[in-house]
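Please keep the sequence and the structure open while reading.

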Amino acid sequence: MTARPPSGQHPSDEGPGPDPAATGTRTGPAVPPTFLPGRAARAERPRADAPGPAAPATGPDVEAGLRESASPRRDPRSPESAGIKPASRPSYGAPPEPRAPRAAEPAPAAAPRPPAPAPDPGPYDDHGVRAASPLGEGDRQRLLTGSHHDPHALLGAHPVRGGVRFRALRPYARAVTVTADGLRARLRAEGDGLFSGVLPLTAIPDYQLLVAYDDAEVQVHDPYRFLPALGELDLHLIGEGRHEELWRALGAQPMTHHGVAGTRFTVWAPNARGVRVTGDFCYWDGTGFPMRSLGSSGVWELFVPGVGEGALYKFEITRPDGSRTLRADPMARRTECPPATASVVHASHHRWGDGDWMARRDGGRVYELPFSVYEVHLPSWRPGLTYRQLAEQLPAYVKDLGFTHVELMPVAEHPFGGSWGYQVTGFYAPTARLGPPDDFKYLVDALHQAGIGVLVDWVPAHFPRDAWALAEFDGRPLYEPSDPLRAAHPDWGTLEFDYGRTEVRNFLVANAVYWCEEFHIDGLRVDAVASMLYLDYSREPGQWTPNAHGGRENLDAVAFLQEMNATVYRRCPGVVTIAEESTAWDGVTRATHHVGASGFGGLGFGLKWNMGWMHDSLGYVAHEPVHRKYHHHEMTFSMVYAYSENYVLPISHDEVVHGKRALVSKMPGDWWQQRADHRAYLGFMWAHPGKQLLFMGQEFAQGAEWSERHGPDWWLLDPSYSAEPDHRGVRDLVRDLNRVYAATPPLWQRDTVPEGFAWVEGDGHEDNVFAFLRFDADGSPLLAVSNFSPVVRHAYRVGVPDTVPLWREVLNTDDERYGGSGVLNPEPLKAEPTAAHGRPASLLPVLPPLATIWLRPA
């Protein structure tokens, strides 16, 4: 690395130095090159034996080039304009020639002649460059301290009286030379890395800068000669909060601008006094790259030529109080792998191969289709695997088990792995822990090609307070509310978003669209919706402020969720949004334009997690069978409100951590009873109205709680383990549940309407028995019967429709293949004309202990 000059001394004060081309000195990348190898266009260096100019800014070719492009008018500030004719006038770019002594007039030996006075150089220096008017002290200081709102007005090339003024800010440079076709002129050093000069040109040429450091030169395009690379329409939409493709306008965008390759950097920081972009392309010294403010939009922009994909960068923001903060890009589409925090310039090159899947997806309504979800925490599912390696294993595993979708716990970048991804700092970047963004696309593509939909957990409820991320991004509350009580999330020590600010709402709405469009995500499960909807969520009296109507509802959050859902469904047909909402908020899955009894339009979600069913049903099975009759209602109450929303029945990661125990470990009794209860519960769950979600590890009855450090206990499925058949049996049951479920329309076609369900035995509390019918659109039934007592019930009479004369058992969780006792109904069951449970006919099946059976018309 090139040594930096000592304090108080600038490299330009050391003189031009020898020309590397003339001396044969190699100019390698040891220079602070402003652009690193692979990310910048370096100057074409002549070979040591190639002819070159004697000096960077002298010679007749330079003089001729300047004469061709210079204005014929006299400079009004020149000696000629003042009526003074100098004895001799130096040519542009060439020093004056001293008068040669005549041989006939030798100098006296006794008394040496005093030296002749130096010729008057006039307004031009030895390189033919006239001094530019100095910057005002205020502009100079703001430029050098990174607090100038319009550095392009000071830097770059600008027409002035008598020519074109060039000014460049290149810290640690020894010299800066303007080069163009027929032009090579060295600028004057102004100190502090500033170089300037006025050339007698009639127009601004297509120029570059040749920047000389102590041991090398680099030739670069001047970032300050370009017009803004962001259009007026983009700025208008950002200001309105309606830019639905915000990721194309803000952040780092590799592009070709006016024929020059580079990267456009843009960031929203309306409270900043100044913003500079810095990164590995400038050795993390952003002094030479101040950005310009694009008016009232609050957006700052700079196109940096030569910076390309893979470059690391951040924004150096000067706060309103003059202090500085170094921030990652909120819109970064790629990041460094944590714990590193820099953003990475990224452009996608993935070619999608899931056209057939996307075409099928666009035509379906998810609540009328099979929907069985396997929830996955990618970093721990198979610890150590990358996105591409996961693509080799995860699709095959999920397809074999018959799940229709995977739900990935948050994949957006997050600094702390122990948060499982729920404290996001990089909302537009898949976590770099498992690979670059295109590798994540590769995984999604592989899942789609295997016929598996991809849902992603999305976290717009809050964000962490890390000083390099979103918190007080530009020195003042920006993404969070200005009221500290409103901003602080009481449960997680994080900050809530300011949903009332149009730009913040736009940031989140566009983010939802981004994942669906750029990564072909099939659905977003929105985390912690309840904490967004209520101003008093987890707050005591006096810790919250009512809304404009005196209520506890967060009206801004309601408007945001409605806008997000409406935008996603309009732009991405076939995608589903799912709310994790734990209260009885009215209309979570109702259309946004349908106003309910509460006075609010629906939130517009497609599905909602049924947290009440999960809580009640898990509470029921946790009781000893002898006590379950006192809690019978906990299994039936869900049908009281089953059609108030479109539900998903979740057994998620939240239920198998932090002392809650794994699903099989919640069950009472010995190991056999626990597994039997586990199987019976899954059979009841798959038959109950609503879609299903099961967290990884529960499909093979893992007994230990999940840990993000080591993931599922796959060793339980090792054939050398003595209890392996027990775990393999449960997994085989899950496979058959999904297989029969997908092939049985009564289990999914009418999930959201009362006509799809009917109780047969809802009050069998003395026997711990539940029986109900499910119907498809044509009225074809499925009978599900669950016996949550550890005794066999022979010839248990169950009422059925008299339209079906013969029934057959299609699934029995007590099958020996699943680890059960093998109490089955192997032969078809004939309906008897004996009324039962209010129905004209009935069956007499055998109910296995702690088991669920499914019966279909034979």
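Val 211 has Val 218 of S8 as its bridge partner, and strand S7 (residues 208-212) pairs with S8 in the antiparallel sense over four bridges. Helices (H or I, at least four residues) and strands (E, at least two) are DSSP runs numbered from the N terminus, and two strands pair if DSSP finds at least two bridges between them. The model is a predicted one, in which local features need pLDDT of at least 70 and side-chain atom pairs count only at pLDDT 80 or more, whereas totals for chains, interfaces and linings use all residues. Residues are numbered from 1 along each chain as its sequence is written, and side-chain values use heavy atoms, with hydrogens and water left out.

S7 and S8 belong to an open sheet of four strands, ordered S4-S3-S7-S8, with antiparallel pairing. S4 and strand S8 (217-220) are the edge strands, each pairing on one side only. On average, and with direction ignored, neighbouring strands of this sheet are turned by 20° against each other; angles run from 0 to 180 degrees between N-to-C directions, and axes are lines fitted to C-alpha atoms, for helices over the stretch in contact.

Strand S3 (residues 175-180) is joined to S4 by four bridges, and the two run antiparallel; Thr 179 stands opposite Arg 184 in S4. S3 and S4 form a hairpin with two residues between them, and Gly 182 in the turn has a positive phi of about 75°.

Leu 187 lies in the loop between strand S4 (183-186) and strand S5 (188-191). With a relative accessibility of 6%, Leu 187 counts as buried, where buried means under 20% relative accessible area, exposed over 50%, and partly exposed in between (1.4 Å probe, protein chains only). Neighbours within four places in sequence aside, Leu 187 is in contact (heavy atoms within 4.5 Å) with Phe 166, Val 176, Thr 177, Val 178, Phe 195, Ser 196 and Gly 197. Leu 187 and Ala 132 are 55 residues apart in sequence, with 9.5 Å between their C-alpha atoms.

Strand S33 (residues 806-812) and strand S36 (residues 851-857) run antiparallel and are joined by five bridges, with Trp 807 having Pro 857 of S36 as its bridge partner.

## Helix packing

Two packed helices are described by the angle between their axes and the distance between the axes. Helix H16 (residues 671-687) and helix H17 (residues 724-742) pack at an angle of about 10°, with axes 11 Å apart. That makes H16 roughly parallel to H17, since angles under 35 degrees count as roughly parallel, over 145 as roughly antiparallel, 65 to 115 as roughly perpendicular and the rest as oblique. Among the residues that make the contact are Trp 671, Leu 682 and Trp 686 of H16 and Val 730, Leu 737 and Tyr 741 of H17.

Helix H13 (residues 611-621) is mostly covered, eight of its eleven residues being buried; these include Trp 613, Asp 616 and Tyr 620. What covers the buried residues of H13 includes H14, H16 and strand S30 (769-775). Thr 636, found in helix H14 (residues 633-636), is buried with a relative accessible area of 16%. Not counting residues up to four places away in sequence, Thr 636 touches Trp 759, Gly 762 and Phe 770.

## Cysteines and the whole chain

The structure holds zero disulfides, a disulfide being a pair of cysteine sulfur atoms within 2.5 Å. For Cys 572, the nearest cysteine sulfur is that of Cys 516, 4.7 Å away. Cys 572 counts as buried at 4% relative accessibility, whereas Cys 337 is partly exposed at 37% relative accessible area.

The chain has 17 helices and 36 strands, and buried residues make up 57% of its 858 residues. Among its contacts between residues at least 6 apart in sequence, 73% join residues at least 24 apart.
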